[in-house]
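The following note sets out some comments on the structure shown below.

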Amino acid sequence: MSSKPSGNTSGGARGRMTQCYMLFGTRVVCQATRLAWGPLLIYISQELKLGRKQQGEILSSFAFGYIFTQVLGGMVADRYGGKPVQTLALVASAMGMLLIPVVVDYGYWALCSVYFMMGICQGPAHPGYNAMAAIWFRASERGWVSSVCEAGPVCGTLLALLIAPRVAADHGWRTSFTILGMIATLWCIVWQHFAYSYPSEMPEEEEKGELEDGGILSTAVSQLKKATMLKLNNTVGEKSKPPKPDPASPRMNGETVKTVARGPTKFPFQFFTLLPVWGVIGQHMIFNTTRYFFADWTAIYYEDNFKRMPDESGLLLTMPFGFGACVQMLISGIEGPMIKRGYTPLQVRKMTGSTGFLITCICLFLMPMAQGPYTFCFLLSILEGSLTLHACGYKANYMDLTTRYQGIFMGTGNTIASMCTFAVPLAVATCLETSGKWYGILMFLACINVIGIFVNQKFTVVKELHVAEI
């Protein structure tokens, strides 16, 4: 059972819960619109007579666009908040899915162009999510919110695999794109109404509850109250100076304060000379390579090895990601109990991260031995479950290392990791065209997960890093 942020069920706790589920839903929609392309590409390929190379190029076009906007999107999110960049991602996802049935008649390059556009606009979404989470949630809640929000991509994958193949088989693949586009449009409306980049953007009544409940601004308000009382009751004549108000809040206890620019105005090059930063990015690269290989190619793997079309695979396609979603929700509350039992946050990051890489590695080594689709499905389910452990590992570690540079950090890390998701479809397509075998691909993935264990154990730290420390 997942634990929720501490606090009352009203005011601040409810506000933080709302933002958590807004982020979760946005990640579901972005992932579903991205990964529906995998199974639907089989039907599109039959209609347009596309080969493996062209399939790989289409799948990589999203990542090619994705890598260009993440750092810029992270800087925008740090300075102006995460909501605008995620709104852009939702609008582009909806438009892209609705456009595909219209532009497909223009051929292969039209598909690449639309998917590329979706990648460009979804690029800032991930750093925008991290920027919002770092602002809204306390340090003790970051493992929880990371686990809940990281269930979003898993549920999005599940949603895409449940809807897209079945609808494509019964009503045509164009209908699948249209339905997912409509879902994205509806969620965009919900997001606009309920999501806020900062607690200070909430309506005044909700903001008051947020402050009183002990949300992210409550510490500053509490200190301000204490300082005021000290000033009124000061018997020795010393003046007590209240602390600076949080720049993210233009209202504090009814007082108006000057709002200053949020986030850095320049790229923090020195921050990226620190080894723990590259430890997190390295783990992210390994995770992305593994996760998106299976997200993009599982349907094609079943077709090649077990002669099953996506609509025929049914449970075999969806069960691994459904199991992953269940594990994600179960482990969302694991960090709090582990810390109560005496484990340090550093031990939690290392244990969950290394265990995730180890189980993934074992499953990958066993997959070539799977003689039937059900054995392969079982191994893939265990693998997907193990990948969810990284929510309490390197993914939460992004928020441990910095608050000020959170959007830029995630944007840069996800850009570098996305280069893997751009290269992998092209490499897989080339490998399959030359050898026609999947064994070498699976062994390569197993080996890089062994490297992930070493990187996690060697370079993980949980203290906040400052450029001044260099």
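1. The model under discussion is a predicted one. Because buried means under 20% relative accessible area, Trp 191, with a relative accessible area of 0%, counts as buried.

2. Thr 26 is 165 residues away along the chain, yet the C-alpha atoms of Trp 191 and Thr 26 are separated by 7.7 Å. Not counting residues up to four places away in sequence, Trp 191 touches Met 22, Leu 23, Thr 26, Lys 83, Gln 86, Thr 87, Leu 90 and Met 132.

3. Gln 86 lies in helix H4, residues 82-103, and its relative accessibility is 1%, so it counts as buried. Leaving aside neighbours within four places in sequence, Gln 86 is in contact with Leu 23, Thr 26, Ala 125, Gly 128, Tyr 129, Met 132 and Trp 191.

4. Which residues touch the most other members of the largest nonpolar core? They are Phe 293 and Phe 294, in a core of 83 residues. Helix H11 (residues 275-306) gives the most to this core, contributing 13 residues. A second, separate core has 27 residues, among them Val 29, Ala 125, Cys 188 and Tyr 196. In soluble globular proteins, nonpolar side chains tend to be buried together.

5. For Phe 294, the contacts beyond four places in sequence are Phe 321, Leu 364, Met 367, Phe 376, Leu 380, Leu 383, Glu 384, Leu 442 and Leu 445.

6. At 1.5 Å a residue, its 15 residues (108-122) should span 21 Å, and the end C-alpha atoms are 21 Å apart, so the two values agree. The buried residues in H5 are Tyr 108, Ala 110, Leu 111, Cys 112, Val 114, Tyr 115, Met 118, Gly 119, Cys 121 and Gln 122.

7. Some totals complete the account. The protein has 19 helices and two strands. Of its 470 residues, 58% are buried. Among contacts with a separation of 6 or more, 83% join residues 24 or more positions apart. The accessible surface comes to about 19700 Å², and carbon and sulfur atoms account for 65% of that area.

Definitions and conventions:
Residues are numbered from 1 along each chain as its sequence is written. This is a predicted model: local features need pLDDT of at least 70, side-chain atom pairs count only at pLDDT 80 or more; totals for chains, interfaces and linings use all residues. Side-chain values use heavy atoms; hydrogens and water are left out. Helices (H or I, at least four residues) and strands (E, at least two) are DSSP runs, numbered from the N terminus. Buried means under 20% relative accessible area, exposed over 50%, partly exposed in between (1.4 Å probe, protein chains only). Contact means heavy atoms within 4.5 Å. A nonpolar core is a set of buried Ala, Val, Leu, Ile, Met, Phe, Trp, Tyr and Cys residues joined through side-chain atoms within 4.5 Å. Accessible areas come from the Shrake-Rupley method with a 1.4 Å probe; for residues, only the protein chains shown count as cover. The expected span of a helix is 1.5 Å times one less than its number of residues.
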